[in-house]
Amino acid sequence: NGQALLIAWLYGPIAAGYLLLAQRLLSSPLSAISFSVSRVYYSEAARLTRESPEELRLLFVSTLKHLTLLTTPPLAIACLAAPGTFTFLFGEPWHTAGLYCSILCPLTLFRILAFVVAPTLDVVHRQGLRLVRELVCAACMMVGVASARWLQWPEAGAVVLSTALCSLG
């Protein structure tokens with residue numbers, strides 16, 4: 001994980017550990033769902049590409065809409081509850097990991113959505129666009145962490161800025 005490596009290098013291993021824990025707790029339960037949905041989506045998208053490209057667009061929009069409705073409530077709950085829950089379960093030092101969890105919720109939503117519909121680029125033979133998106137996201141994340149450090153922001157500011165920029169990318 002590039003974000004955690006940069007945070008570790010510029011802010012230390014404790015900050016990176018909090019970030020990695022938050023990322024793992026957010027992504028693990030939703031990854032199982034998004035992987036399954038992505039496999040079904042890929043199969044249907046491949047079929048529609050041959051039969052009806054217009055229906056592929058409708059499938060794309062419908063999948064994003066339904067997946068947003070499915071994943072937003074648990075992420076919203078995690079966003080609101082994480083700082084207090086981490087503090088309650090693990091003690092005050094872990095409040096930061098809960099805060100990072102809250103910060104990462106919007107990016108987690110965007111990553112899940114992008115992962116599920118990414119096969120669209122495969123079936124329409126535009127894999128290069130996927131690479132460009134990944135490179136833009138990585139660059140935004142690096143600029144965010146480096147800029148926060150240059151501005152002498154604390155590690156939470158680096159997580160906020162890099163996550164916000166990566167969400168835009």
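The lining of the second largest pocket draws its largest share, nine residues, from α3. Helices such as this are DSSP runs (H or I, at least four residues), numbered from the N terminus. This is a predicted model, in which local features need pLDDT of at least 70 and side-chain atom pairs count only at pLDDT 80 or more, while totals for chains, interfaces and linings use all residues. Residues are numbered from 1 along each chain as its sequence is written, and side-chain values use heavy atoms, with hydrogens and water left out.

Let's stay with that second largest pocket, which holds about 210 Å³ of space. A pocket here is an open set of points on a 1 Å grid over the protein atoms alone, where a 1.4 Å probe fits, with protein on both sides within 12 Å along at least five of seven lines; lining residues have an atom within 4 Å of a point. The volume is the space filled by probe spheres set on the points, which are joined across faces, edges and corners. Of its 14 lining residues, L25, L26, P29, A78 and C101 are the closest to the centre. By class, the lining has 13 nonpolar, one polar and no charged residues; Ala, Val, Leu, Ile, Met, Phe, Trp, Tyr, Cys and Pro count as nonpolar, Asp, Glu, Lys and Arg as charged, and the others, Gly among them, as polar.

Now turn to the largest pocket, with about 870 Å³ of space. Among its 34 lining residues, R111, I112, F115, R133 and E134 lie nearest the centre. Here α2 gives the most, eleven residues, and the lining divides into 17 nonpolar, ten polar and seven charged.

Conventions
Helices (H or I, at least four residues) and strands (E, at least two) are DSSP runs, numbered from the N terminus.
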